[in-house]
Amino acid sequence: MALRDVAHLVLTGGSMGTRTVAALAAAELSTSTWSKVHVWWGDERFVPESHPDRNDQHARDAGLDALPVPGANIHPAPAGSTEEELPAAAATWARELAMHAPEGEQTPRFDVVLLGMGPDAHVASLFPDRAELTVTDQSTVAVTDSPKPPALRLSLTVSALCAAERVWLVVAGEDKAEAVVAARAAQDDPALPASWVHGTRQTIWWLDEAAAQGVT
Ligand SMILES: O=C1O[C@H](COP(=O)(O)O)[C@@H](O)[C@H](O)[C@H]1O
């Protein structure tokens, strides 16, 4: 395996995003290693900067700024508040991703994509039985009328997520147990967005006991 001098990490939002960042902030991380890490998000709630609903704000509140990652390497998705602004924001985000992509590709070569999962098996802001799930010709997608508030969101697409070397689904809690079993048994089921994502080299489900109770 060739070593690269840069690594791209995609954080999840939601409960596991906060817990992951808090754990990283509590760990003793080497500055020289982390100075080469770029941090992205798999999705974002489309609300103004610093809004308490934003995934990047949750990460900052959990200690993101204490990590030895240069500020310039932290890439929050665009902020905004209206549906009219959303398509341009998705395009701006896609351009930022492309700036860090290898030639001819749309996204950086993500080393690890962390994905939480909702009880409905949604990952990032890709919800069950929605058209966004099947977008393949772009790296980002605008989501309106999200079934989980807030209604306006930005998400990486399945094709952007699946370009990652490693996709790690991080899931905790009894309320997710049924979706864990269903999504692990399915493939590309529109009712189960988590069944669409996998890494090019590795796909791992990291589960706590409660989320894993139905796994045999
Ligand atoms: O809204 C979101 O929900 C999912 C799942 O969150 P959780 O709180 O149930 O763990 C999360 O993965 C996604 O990033 C977030 O925007």
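This is a short chat about the predicted model shown above.

Student: Let's start with the sheet of three strands. What is the strand order, and is the pairing parallel or antiparallel?

Tutor: The order is β3-β6-β5, in an open sheet with antiparallel pairing. The edge strands are β3 (43–45) and β5 (140–143), and each pairs on one side only. On average, neighbouring strands of this sheet are turned by 15° against each other, direction ignored.

Student: How many bridges join β5 to β6?

Tutor: Four bridges, and the two strands run antiparallel. Strand β6 covers residues 153–156. Alanine 142 has leucine 154 in β6 as its bridge partner.

Student: Which helix lies across β5 and β6?

Tutor: That is α4, residues 86–99. Its direction is about 160° to β5.

Student: And what sits in the loop between β5 and β6?

Tutor: Proline 150 has its place there. The peptide bond from proline 149 to proline 150 is cis, with omega near -5°.

Student: New topic: the parallel strands. Which strand does β1 join, and by how many bridges?

Tutor: β1 (residues 7–11) is joined to β4 by two bridges, and the pair runs parallel. Valine 10 stands opposite valine 113 in β4.

Student: How many bridges join β4 to β7?

Tutor: Four, again for strands that run parallel. β7 spans residues 166–171. There, arginine 166 stands opposite valine 112.

Student: Back to valine 10. What does it touch?

Tutor: Leaving out residues up to four places away in sequence, valine 10 touches Trp40, Trp41, Gly42, Phe110, Val112, Val113, Leu114 and Ala164.

Student: How many residues are in the largest nonpolar core, and which have the most contacts inside it?

Tutor: There are 56 residues. Val10, Leu115, Leu161 and Ala194 have the most contacts inside this core. Helix α4 gives the most to the core, with six residues. As background, nonpolar side chains tend to be buried together in soluble globular proteins.

Student: Now the ligand. Which residues come nearest?

Tutor: Gly13, Gly14, Ser15, Gly116 and Gly118, out of 13 residues around the ligand. Helix α1 (residues 14–26) gives the most to this shell, with three residues.

Student: How does the shell divide into nonpolar, polar and charged?

Tutor: Two are nonpolar, nine polar and two charged.

Student: Is serine 50 buried or exposed, and why?

Tutor: Serine 50 is exposed, because 10 other C-beta atoms lie within 10 Å, and 12 or fewer counts as exposed.

Student: What about alanine 124: what phi does it have?

Tutor: Alanine 124 has a positive phi of about 50°, although it is not a glycine. The residue lies in the loop between β4 (112–115) and β5.

Student: Buried or exposed, this alanine 124, and why?

Tutor: Alanine 124 counts as buried because it has 32 C-beta neighbours inside 10 Å; the cut-off for buried is 20 or more.

Student: Last one: where is serine 32 found?

Tutor: In helix α2, residues 31–34. Serine 32 has 8 C-beta neighbours inside 10 Å, so it counts as exposed.

Student: How far apart are serine 32 and proline 68, in sequence and in space?

Tutor: They are 36 residues apart in sequence and 8.3 Å apart in space, C-alpha to C-alpha.

Methods: Residues are numbered from 1 along each chain as its sequence is written. This is a predicted model: local features need pLDDT of at least 70, side-chain atom pairs count only at pLDDT 80 or more; totals for chains, interfaces and linings use all residues. Two strands pair if DSSP finds at least two bridges between them. Axes are lines fitted to C-alpha atoms, for helices over the stretch in contact, and angles run from 0 to 180 degrees between N-to-C directions. Two residues are in contact if their C-beta atoms, placed from the backbone, lie within 7 Å. A nonpolar core is a set of buried Ala, Val, Leu, Ile, Met, Phe, Trp, Tyr and Cys residues joined through C-beta atoms within 7 Å. A residue is near a molecule or strand if its C-beta atom, placed from the backbone, lies within 6 Å of it. Ala, Val, Leu, Ile, Met, Phe, Trp, Tyr, Cys and Pro count as nonpolar, Asp, Glu, Lys and Arg as charged, and the others, Gly among them, as polar.
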